[in-house]
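Colleague: Before I plan around this model, could you walk me through its shape and its helices?

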Amino acid sequence: MSRRLSGRRVIYIVYAAIVSIAALMGFILGTINPEGMDPTLFFVVDLPATPVGMVIFGVSTIGLGLGALLLLVAYVADRYDDAELS
Amino acid sequence: MGDMASGQIAITVLMGLLLVVVAALLTRIENWRSYAPTAGASSLTGEETSYGHSEKPGGITRWLTTVDHKDIGILYGAFALVAFAVGGIMVVLMRTELMWAGEDIMSASLYNSLLTSHGITMLFLFGTPIIAAFGNYFVPLLIGADDMAFPRINAIAFWLLPPGALLIWGGFLIPGMEAAQTSWTMYTPLSAEQPMIGADLMILGLHLTGVSATMGAINFIATIFTERDEEVTWANLDIFSWTMLTQSGLILFAFPLLGSALVMLLLDRNVGTTFFATEGGGAILWQHLFWFFGHPEVYILVLPPMGLISYIIPRFSGRKLFGFKFVVYSTLAIGVLSFGVWAHHMFSTGIDPRLQVSFMAVSLAIAIPSAVKTFNWITTMWNGKIRLTTPMLFSIGFVANFIIGGVTGVFLATIPVDYLLHDTYYVVGHFHYVIMGAIAFAVFAGIYYWFPIYTGKMYQKALGKWHFWLTMIGTNLTFFGMLILGYLGMPRRYATYNLVSVGPIDLFTILHQSATIGAFILLIGQLVFVWNVVSSWLYGRRVADGDPWDLKDDALYSREFRWHERRMNDDLVLADGGASDDGSEES
């Protein structure tokens, strides 16, 4: 009950879990390789429709998208947080 | 003729007498549970039995006649959890059928009936009522009201639900009758032409639950506007009450429309009107009316759970909610925008492309206030010191699952992707991530967080954590599999997939089996939950502390626990919400 964890650590774990789910989805879709799957990372880099290519696609898009959100959280929390623990 | 009439009168009188006798007997069954050997720690009365109830009748009569907001909250909660069990068993049967590609353990028509009933049960008999349970019990406590504004209307609203449920489940309960097979969306012309009476009963039952929700919403609005304690201003109204208020506003605009559309559908089915017939308003009219209700319904279901999460996360992060005002504004923004997105369910019907684009724009826009909330939850945790109690675990699970449900939803809101994925398992996976992964998680968080207040006991913590992890793993296994199935083109709402030609059956079988295993894990988790709640309530350790979560350490002690502490100290139960003479706080 009294054991407390750092909030950042918990959020990093959640972030890693969600990015891992994206990686897993990429791996499964890459393995199945359905017809017409043609991954283009950030509309620029063509990736092969293989398990590795799809993992890179999933991890990059979700990791960067949520990573940007996390950076914003860190920025705002450091500068505008008026409820800091004393 | 005369004999027959007098015979009927005699039977009527006899039946009336019988009812009076039964009612009289019920009034004499006082506190029946307390005769058990463990009398001291017993009773599902929702209050501590060591306190007197001089103002309330005993036994079952109390529950049949109560107008106390807390008792009605308990009734709503018990009803909703029974419905959750029924809806859950239905889906376990369906998932078992989907273990194999063919028609194995049930007929396709029974599958269709279960599918219809599962959706309606979970949304209307579990989702809305469990939120009403929290609202009824806690909103008056949080705003310092004596009770709800209209206690009797409150009781009536609840008592419309059981007959509504019986009608909705009537097709299963009445021998020889077939249950509706329309799916929860009841699209015409299918729903107008399906001959079974079970469909009529279901529509009538839905209508009753809609009336119930509307009465409840009027009550919440009146209560929050007029019954607040002097110290509770709009500025320091707690976040859960804000979301209940917004949700009630949505109900007020959405549910009466559903009621009207349902009556029109009933008339089309039984009287030969042509509201939704091709020569009348057309089948698309139903979709417009239904989704004008149906999409706000999504937010009716998600806003108060978001309120719960916004309320609980700060308490186990040791700090106030970050950006409280923005969370309130985003709630209001979602409330307004939710009425402008309904046609994104109808992109594939061929409606005007200009309309499609405008609905896509609003649908994408509604992601912004949702993201604002997520942002605030994460920021609240960021600098916090987190205690991983069961309610907090479910809250963090909510955030994680809501991100997955939300991101998959953003893709669906774009027209080209929707064309591709419409009516596939991707849609099912997406909305279940929100409904099960988020809404139900918040409900569990609320149940555990306030467990000490409404039971006077503490739940078993190890079992609570088992419940969380089984539910988290089960949810992700089930609905992750569905996202992939949908991406591969597996259409939804089918009992079999041996004739599906869009993908390899072996692969579909493996993915369906993993989803089914996930559903079984979920089932085990919920059995743990039921065991935990029932056994802790009956035999659990009595909470001796008015601050079971040590909220005072972080200056986050709130009105409902203050009320709880006062009640414990007073040695008699207040029949009302309790006038507060001490300070309130926000968030």
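**Helical spans and overall form**

Colleague: How far apart are the end C-alpha atoms of residues 12–32 of chain A?

Modeller: This is a predicted model, and in it residues 12–32 of chain A are 100% helix and 0% strand. UniProt, in an unreviewed entry, places a "transmembrane region" at residues 12–32 of chain A. The end C-alpha atoms of that span lie apart by 30 Å.

Colleague: What is the distance between the end C-alpha atoms over residues 52–77 of chain A?

Modeller: The unreviewed UniProt entry gives residues 52–77 of chain A the feature "transmembrane region" as well as residues 12–32. Over residues 52–77 the chain is 100% helix and 0% strand, and the distance between its end C-alpha atoms is 36 Å.

Colleague: Which pattern does chain A follow along the sequence, and what is its radius of gyration?

Modeller: Chain A holds 2 helices and 3 strands, which read along the sequence as β-α-β-β-α. For 86 residues the globule rule gives 12 Å, and the value for chain A is well over that, so the chain is more spread out than a compact globule. Its C-alpha atoms fill a box of roughly 55 × 30 × 15 Å along the principal axes. The radius of gyration of chain A is 17 Å.

Conventions
Residues are numbered from 1 along each chain as its sequence is written. Chains are lettered from A and ligands numbered from 1 in the order in which they are written. This is a predicted model: local features need pLDDT of at least 70, side-chain atom pairs count only at pLDDT 80 or more; totals for chains, interfaces and linings use all residues. Helices (H or I, at least four residues) and strands (E, at least two) are DSSP runs, numbered from the N terminus. The radius of gyration is taken over C-alpha atoms; the globule rule is 2.2 Å times the number of residues to the power 0.38. UniProt positions are given in the numbering used here, feature names are shortened, and annotations may be inferred rather than shown by experiment.
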